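Here is a short briefing on the model shown below. Take the topics in order and keep the structure open beside the text.

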Amino acid sequence: MNELTGTGKLVRLILRRDRVLMALWVPWVALVPLSYVASINEIFPTAAGRQGYADASAHNAGFVALYGSLFGSSLGELVAWRAGFIPVMIGLLSILTVIRHTRTEEETGRRELLGATVVGRHAGLAAALVATFGANLVLGALLAVGMISQDLPASGSWAFGAEFAAAGWMFAAIAAVAAQLTSGAGSARAIAIVTLGAAYVLRLVGDLSSLGDGALSWLSWLSPIGWVHQIRPYGGDRWWPVAVAVCVTAVLGLVAVALSARRDVGAGLLPPRLGPASAAPGLGSPLALAWRLHRGLLAGWIAGFAVLGVVLGGVAEGIGDLVRDNRDLEDLFARVGGAAGVIDSYLASMTSLLGLIAAGYAIQATLRLRNEETGGRAEPVLGTAAGRLRWAGSHLVFSILGPAAALAAAGLAMGLTHGLNTGDVGRELPRVLAGAMAQLPAVWVVAAITVVLFGLLPRLAAVSWGALAICLLLAMVGTALRFDQWVLDISPFTHVPHLPGGTATATPLVTLAAMAAVLSVVGLAGLRRRDMPIA
Amino acid sequence: MTEAIRTDGLVKTFGRTRALDGLDLAVRTGEVHGFLGPNGAGKTTTIRVLLGLMRADAGAARLLGGDPWADATALHRRLAYVPGDVTLWPSLSGGEVIDLLGRMRGGLDQRRRADLLERFDLDPRKKGRAYSKGNRQKVALVAALASDVELLLLDEPTSGLDPLMEEEFRQVIREEQRRGDRTVLLSSHILAEVEALCDRITIIRDGRTVETGTLADLRHLTRTSIQAELVAPAAGLAALPGVHNLRAEDGRVRFDVDTHALDEALRQLTGVGVRSLVSQPPTLEELFLRHYDRAGAAGDVAVSR
């Protein structure tokens, strides 16, 4: 196996480089479900209580959209269901890890440096996969041991661990294939993340459909996220989806190796195209440059959000049907306003989810500034007559308006599809659109936090992802864990009015927008005073 | 004579590292000034201070009559900068980058752009990610040289260029020199390049200026090596102050001599009769080694070759 010579050494190099990152995310992700055990135990100590919670949740479209289908009411099943979004996060972390150690290495030329030493052709790819597989295996084992320590059944706990690990493996392998396709790490990452997003949306549509007429429930079976949910820890402990995941991982891994053997180091399978010999007349300002750098990302987010809007809007009416058809749950739903109330609450929780996702875009767009700085591409621009603030402002236009465009696309698509289903576009479209746009000030606060970090503590700019993680965590588990209100209030998204259905008040939105403005000014003032570039 | 660049006692620290430690630099308008130093001496930091990208902790800097930090934007219209490590936007073609940077600086001479593209043999249609290091360097050079500016700040501009292109670069700089109204600050550690191009030179080490002046000035500080075949042994030579590393065998002598003692040493040689004579002028290389070699800097180790 000459092609794999040196894999072990490269694995050690990866572990050395990622010792902090991996030591953070592996145990952190594994420990999150432990908090669910405590909170569900505390809130629903009796089997009857859990049964009631499960009955309501299993038919709550918002929960099903986020976590997946719920199959039982035992403590273990509730915890595993509640952790249903975590495989997506594990998939994302695995993708980032694999791309970081494959295509990024090639793009920066470090792969060449190592490739000239005694290292086999496939050692780099193999090492990235081995390290990521290993990290996921450790994660799964930690989770299983943690669950067993909470007196949950051992077989279910191991199945639960396998669910997490299998999700990580499959997306690591998908990332390995993506890394062979393009010569840029950014586009490879985008391909893999879009695949992950598609897997999530397929699972979401399929599961929501099985709440209603079930016509599209087969879509869940096309999704790797759907497969790992089919393991059903503590409620069947089915191991065949794990076998499927292992097979898919192996096949994708071999595909990646085969593709890698067919190309040169540094090159992608998709050939690079030539560009124009001179710039279009408009390309002559920092804003024009920022447009060139952001437009692909912007188009991707708008398209993705529009599709998500169609999907989320398309299932809304079916949720109403479910309530209308279900006599047993009539009383329960009557308390939240009947079918209309349930649909509104579903739409509101979906717009809130869209807002959190759009905040991810806002951070990504803002961090472009930092990428330009560390990549050495800010310096030539700042060496021209373009001032710092104009340079930064040009990128921030996209952090501010990009999420606005994406949320508008999602809101329009969602309102339109839902309106067409109910036959009242004139009523539904503005309500849903308003619900989506109301997220914007909170999204801006997250973007502004990124600007502050970039301006004052540039080396920690990526910590803004942590801020978003806190917002996500509070939105996902905050109420279930019965956090104090002041803790929930940390997240700007807590202050966004629940629309449609809730009362629309301008005060929190204006306050959030003002806060975002103040934070941005602080960040830009810091940028104006500091050295450039700071490595 | 007016000065395009002047710094006095610049200090810049990064944490515990003292990148600049009282750096003085004076560049006269219209000259090509060589800025020499080993890696990590502070060349790039100095240029970043001059560009207003970094603020010095102490000392003063003037650039084209303005304050590099406060007047950055206005000054940048009058200068062009080539970073030492050029990275391009992966999705923009080389031609687009040249035009973009030129326009943001306030205009580009299209004829000169076409001429430079041809001379540097650069395909402007390739995307940023497809260029080799040398070609990325050329993109930045064309963008800077095609701009109509008063000052060029070039940070190791020929790193990654092949010898043919290095020669082309020298030609272009010589043409700039002949125009007479453009000032060039050329940071480099390639001595031959600086020797070939520069009117005046500043040598720095550890963030401090160790030598500055014209090449001729600096040559006074170093030694000429002499090899001669003599009719008879030159007895007085060894006693002469300023003669170093004297070796004599079979009527041949080799020695290095300080510039001030050259005249007297030659008189000694002709006194006994010279059959053949080879003299090597002091090179910048020796100057460089003398300043960078710590032992050499400490005292009396002569540079022999």
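The centres of domain 1 and domain 2 of chain B lie 43 Å apart, taken over C-alpha atoms. The domain assignment of chain B places domain 1 at 3-214 and domain 2 at 223-281. The model is predicted.

**Four-stranded sheet of chain B**

- Four strands of chain B make an open sheet, in the order β11-β12-β10-β13. The pairing is antiparallel.
- β11 (243-249) and β13 (274-280) of chain B are the edges. Each has a single partner strand, so one side of each lacks a neighbour in the sheet.
- From one strand to the next, the twist averages 15°.
- β10 (residues 223-230) of chain B pairs with β13(B) over six bridges, in the antiparallel sense.
- β10(B) also pairs with β12(B), again antiparallel, over seven bridges.
- Ile226(B) has a bridge partner in each of these strands: Phe255(B) in β12(B) and Ser279(B) in β13(B).
- Gln227(B) stands opposite Val278(B), a residue of β13(B).

**Helix across the sheet**

- Helix α9 of chain B covers residues 262-272.
- α9(B) lies across β10, β11, β12 (252-258) and β13 of chain B.
- The helix runs at about 5° to β10(B).

**Three-stranded sheet of chain B**

- A further open sheet of chain B has three strands, ordered β2-β1-β4, with antiparallel pairing.
- β2 (17-28) and β4 (58-63) of chain B are the edge strands, and each pairs on one side only.
- The twist in this sheet averages 15° from one strand to the next.
- β1 (residues 3-14) of chain B and β4(B) are joined by five bridges in the antiparallel sense.
- Ile5(B) has Leu63(B) as its bridge partner in β4(B).

**Contact between the chains**

- Chain B gives 33 residues to the contact, and chain A gives 30 residues.
- On the side of chain B that touches chain A, α2 (72-76) and α3 (94-105) of chain B each supply at least two residues.
- α3(B) provides the largest share of that side, with eight residues.
- Sorted by class, the side of chain B that touches chain A holds 15 nonpolar, seven polar and 11 charged residues.

**Chain A**

- Chain A has 23 helices and zero strands.
- How does the radius of gyration of chain A fit that of a compact globule? For 535 residues, such a globule would have a value near 24 Å; chain A has 24 Å, so the two agree.
- The C-alpha trace of chain A spans about 70 × 55 × 40 Å along its principal axes.
- What percentage of the 535 residues of chain A count as buried? The share is 49%.
- Take the contacts in chain A between residues at least 6 apart in sequence: 76% of them join residues at least 24 apart.

**To recap**

- In chain B, β10 pairs with β13 over six bridges and with β12 over seven bridges.
- α3(B) supplies eight residues of the side of chain B that touches chain A.
- Chain A contains 23 helices and zero strands.

Definitions and conventions. Residues are numbered from 1 along each chain as its sequence is written. Chains are lettered from A and ligands numbered from 1 in the order in which they are written. This is a predicted model: local features need pLDDT of at least 70, side-chain atom pairs count only at pLDDT 80 or more; totals for chains, interfaces and linings use all residues. Two strands pair if DSSP finds at least two bridges between them. Axes are lines fitted to C-alpha atoms, for helices over the stretch in contact, and angles run from 0 to 180 degrees between N-to-C directions. Two residues are in contact if their C-beta atoms, placed from the backbone, lie within 7 Å. Ala, Val, Leu, Ile, Met, Phe, Trp, Tyr, Cys and Pro count as nonpolar, Asp, Glu, Lys and Arg as charged, and the others, Gly among them, as polar. The radius of gyration is taken over C-alpha atoms; the globule rule is 2.2 Å times the number of residues to the power 0.38. A residue is buried if 20 or more other C-beta atoms lie within 10 Å of its own, exposed if 12 or fewer, and partly exposed in between; C-beta atoms are placed from the backbone. Domain bounds come from an automatic or database domain assignment.
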